[in-house]
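Let's take a friendly walk through a protein model together. Have the sequence and the 3D view open as you read.

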Amino acid sequence: MTATLETRAPRRRRLGRLSESRNGLGFLFMLPAAVFLLFFLTYPLGLGVWLGFTDSKIGRPGVFIGLENYRWLFDDPVFWLTVFNTIFYTVFASIAKFALGLWLALLLNRHLPFKNFFRAVILLPWVVPTVLSAMAFWWIFDSQFSIISWSLMRLGVIDQPINFLGDPWNARWSVIAANIWRGIPFVAISLLAGLQTIPQSLNEAAAIDGATSWQRFTKVTLPLLTPIIAVVMTFSVLFTFTDFQLIYVLTRGGPVNATHLMATLSFQRAIPGGQLGEGAAIAVAMIPFLLAAILFSFFGLQRRRWQQGND
Amino acid sequence: MAQTEDHAVGLDQYETLPRRILTVWLPLFVFVFVLLFPFYWMAITAVKPDNQLTDYANHSPFWVVGPTLEHMRYLLFETTYPRWMWNTIIVSVASTTISLVASVFAAYAIERLRFKGSRITGLMIFLAYLVPPSILFIPLAFIVFQVGIFDSRLALILTYPTFLIPFCTWLLMGYFRSIPYELEESALVDGASRWQILTKIVLPLAVPGLISAGIFAFTLSWNEFIYALTFISSSENKTVPVGVLTELVRGDIYEWGALMSGALLGSLPVVILYSFFVDYYVSSMTGAVKE
């Protein structure tokens, strides 16, 4: 090893001076990641905000038009409908994902045979490309040949096929159902990892003191799980709020814009519509909501530090 | 937070069997059924002959008589599907490699070199992880167009690291933190350079972390959709998710057999990879949340 060091020494001298100082080496090591993130993340983020103030079209840089895009959006009923849709979609899908995910995590936290097998199988909807599984849902929600409609008709619950994606409210609930299906594994497996850090002895001690299983859940499990719930749900809300793929595959925002989310509207106005400026303004309008979710996460983490008693 | 892997049966042993079936096994099987049914439906549709596909009166929709590979054959030999598969593989492998290399250096610098401002940098990396592609794709399309890489695989290879690097760095920071600092100190005392410490001590110990980050990054880039949809316009440069959706859906008559075959074949590579590395996958998913 010493031999190779000596032969390399002259070539290394120039870099050597930089790499001897902690800050210099830190700078060198950060360089590749920093270049990527500055050029393809920070710069586009700023550019996006700027584009929102211009009338840029595809292939033509626009001029500064101030708040014109936002004023236009403010008077656009379709924009307000998508804001409503996005909040509706996020609230209901997130609540359902949390409730069902927590339930599944509690089931998996029990002493079960084939536990690892169940865990592996349950994560599949999260692993498979969303667009491809959404296409399976598209087929499941087919207006004529839906397997759900067929089964319900065979059971005699309904007389004619349900028009899943053709009716505004049916379409809203259908895309929410598909989103819940996709999101449960993430919530369940993350919460399961949190549950496994809670010692069984706490539950046993509570049981000996006469706590019912509901009391053990609300007074022991839930408080200890709160910090992880905060983080997991922040991620879940972020993913749901900015969702694009499911809607794009299942409805493209239809029928009559009933399922358009802010992300899909922004895409539609900017890319097929060519109005980059207006699309960027819609994307920028999502940022305040996302900031609220991140702040929520930040305070969740703070609470966790305080509970652990260090830092 | 270390996992308490106690194998104590806990309070479960006091439950009676019928109660256990009702409260544990029944809900669990409903969950598994609902979560897996779309995949079954995808697979069974992919091998159904066209005459059985929509003829629910004479054929049970849940089963298939005389499965056919006709849809797969059509997909592989009469469409650009193999080309999309190849593009997806190249883009995923290249962007994952770039991201892993950049992330190893960044994570090591933030976690171990502790240069001036490393804490702030770590926080910025976490915030970068939270920036969703849905608000970046418009300005990125603008940049990609100006740089002149629009409609090429390079556009995807260079933009995917924007969401892969923050994730991988964050995950690897956690792994590097778990490696005892004493190992590095003794190597420094023995005269090893930082480069030698990184390649001979830290990286071999962080192999599980590298595998986790690599697998997860590969899956994320395989599944990516919005950038590929925006930056690619010609058929021969598309990735599988975009190609299947935009090229196989023609007019009002959906060829469900071919569509589901495309979805099935496009999912298989990540599912196979996942089945070999389930534990790594789970640890990277939960690791990102727990750190």
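A word before we start: UniProt annotations are given here in the numbering used for this model, their feature names are shortened, and they may be inferred rather than shown by experiment. Keep in mind, too, that this is a predicted model.

**Spans from the record**

For chain A, the unreviewed UniProt entry lists residues 21–43, 78–108, 120–141, 173–195, 222–241 and 280–301 under "transmembrane region".

**Two domains in chain B**

Now turn to chain B, where domain 1 covers 10–71 and domain 2 covers 79–290. Taken over C-alpha atoms, the centres of these two domains of chain B are separated by 33 Å. In the contact, eight residues come from domain 1 of chain B and seven residues from domain 2 of chain B. On the domain 1 side, helix H1 (17–46) and helix H2 (50–53) of chain B are the elements that give two or more residues. H1(B) gives the most there, with four residues. By type, the residues on this side of domain 1 of chain B are four nonpolar, two polar and two charged.

**Where the chains meet**

**The nonpolar core**

The largest nonpolar core has 158 residues, and those with the most contacts inside it are A:Met135, A:Ala188, A:Leu250, B:Tyr108 and B:Leu172. Leaving out residues up to four places away in sequence, B:Leu172 touches B:Ser103, B:Val104, B:Ala107, B:Ala206, B:Gly209 and B:Ala213.

**A closer look at one residue**

Last, find A:Glu68, which lies in helix H3 (residues 68–74) of chain A. Why does A:Glu68 count as partly exposed? Because A:Glu68 has 15 C-beta neighbours inside 10 Å, while a buried residue needs 20 or more and an exposed one has 12 or fewer. A:Glu68 and A:Ala281 are 213 residues apart along the chain, with 9.9 Å between their C-alpha atoms.

Methods. Residues numbered from 1 in each chain as written. Chains lettered and ligands numbered in written order. Predicted model: local features only at pLDDT ≥ 70, side-chain atom pairs only at ≥ 80, totals over all residues. Domains from an automatic or database assignment. Contact = placed C-beta atoms within 7 Å. Nonpolar A, V, L, I, M, F, W, Y, C, P; charged D, E, K, R; others polar. Core = buried A, V, L, I, M, F, W, Y, C linked by C-beta atoms within 7 Å.
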